[in-house]
Amino acid sequence: RQLYIVEEHEAESEVIKGYLQRFLRYDASLAASPEGLTFVKAEECLRVRLDSLTEINGKIDRIDVTQKDGKRVYRIVDYKTGSYDKEKMRANGFEKLFHDHNKGYVLQTFYYRLMYQLQYGKLPEPALYYTQKVGAEDFSPYVSFKDDSYQGAEPAPEELLADFREHLETEIRQMRTSSFCYAQDATSCRLCRFGLLCLRGQ
């Protein structure tokens, strides 16, 4: 294992330090708000059974708890280092979501929500923390749907997660029954309709 020596990477260290300070200030402001903020767990690995043939898994960066209308609400926080784009946080519904590579982060949030619900029976809300944007005046960590059926900043309705699960199970069935194969050459994965689920080319 190679040690990271700060003195040898001063510029990078200052950038990372700035990101950490921004995260802490942002979370401190949430903790001081009426809703509050309580850390629960980091890097939780989940493996749950979707059906008799399928097991899904993933690692959630962070889980915390806040208050909405006097009720405890769990949040799933995912850290992102890419560029922030509000349009990438808005989806056109599940039918297109599974095949739009520009909306992979939104798909991931619903995937994590489903796993968390299956594991703990709770309906969490997602938050995407972009390192370059957290704390900015126009920053919002919440995803939404363009048809206004879901506007984020709230727990996902149970029927919305049920709809997502139905689409996920449909995609998995199509993977099993089609000519889909796990490509050795990942350069073709970008064009594969199952690329966001398989992740071979990521």
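Contact here means heavy atoms within 4.5 Å. The model is predicted.

**Helix α1**

- Helix α1 runs over residues 10-31, and its 22 residues should span 32 Å at 1.5 Å a residue. The C-alpha atoms at its ends lie 31 Å apart, which agrees with that expectation.
- Ser13, Phe23, Tyr26 and Asp27 are the buried residues of α1. Viewed down the helix axis they fall within an arc of 160°, so they line one face of α1.
- The cover over these buried residues includes the strands β2 (55-68), β3 (71-80) and β5 (125-130).
- Glu10, Ala11, Glu14 and Arg25 are exposed and sit on the face of α1 turned away from its buried side.

**Thr131**

- Thr131 belongs to the loop between β5 and β6 (144-145).
- Beyond its neighbours within four places in sequence, Thr131 is in contact with Tyr19, Arg22, Phe23, Lys80 and Thr81. Among these partners is Phe23, one of the buried residues of α1.

**Strands β1 and β2**

- Strand β1 (residues 38-49) pairs with β2 in the antiparallel sense, over 10 bridges.
- The two strands are joined by a hairpin of five residues.
- Within this pairing, Phe39 stands opposite Asp64 in β2.

- Leu114 is part of helix α3 (residues 104-120).
- Leaving aside neighbours within four places in sequence, the contacts of Leu114 are Leu50, Leu161, Phe164, Arg165 and Leu168.
- Pro124 is 10 residues from Leu114 along the chain, and their C-alpha atoms are separated by 9.0 Å.
- On the α3 side the contact is made by Leu107, Phe110, Tyr111, Arg113, Leu114, Gln117 and Leu118. On the α4 side it is made by Glu158, Leu160, Leu161, Phe164, Arg165 and Leu168.

Definitions and conventions:
Residues are numbered from 1 along each chain as its sequence is written. This is a predicted model: local features need pLDDT of at least 70, side-chain atom pairs count only at pLDDT 80 or more; totals for chains, interfaces and linings use all residues. Side-chain values use heavy atoms; hydrogens and water are left out. Helices (H or I, at least four residues) and strands (E, at least two) are DSSP runs, numbered from the N terminus. The expected span of a helix is 1.5 Å times one less than its number of residues. Buried means under 20% relative accessible area, exposed over 50%, partly exposed in between (1.4 Å probe, protein chains only). The arc is that of the directions from the helix axis to the C-beta atoms. Two strands pair if DSSP finds at least two bridges between them.
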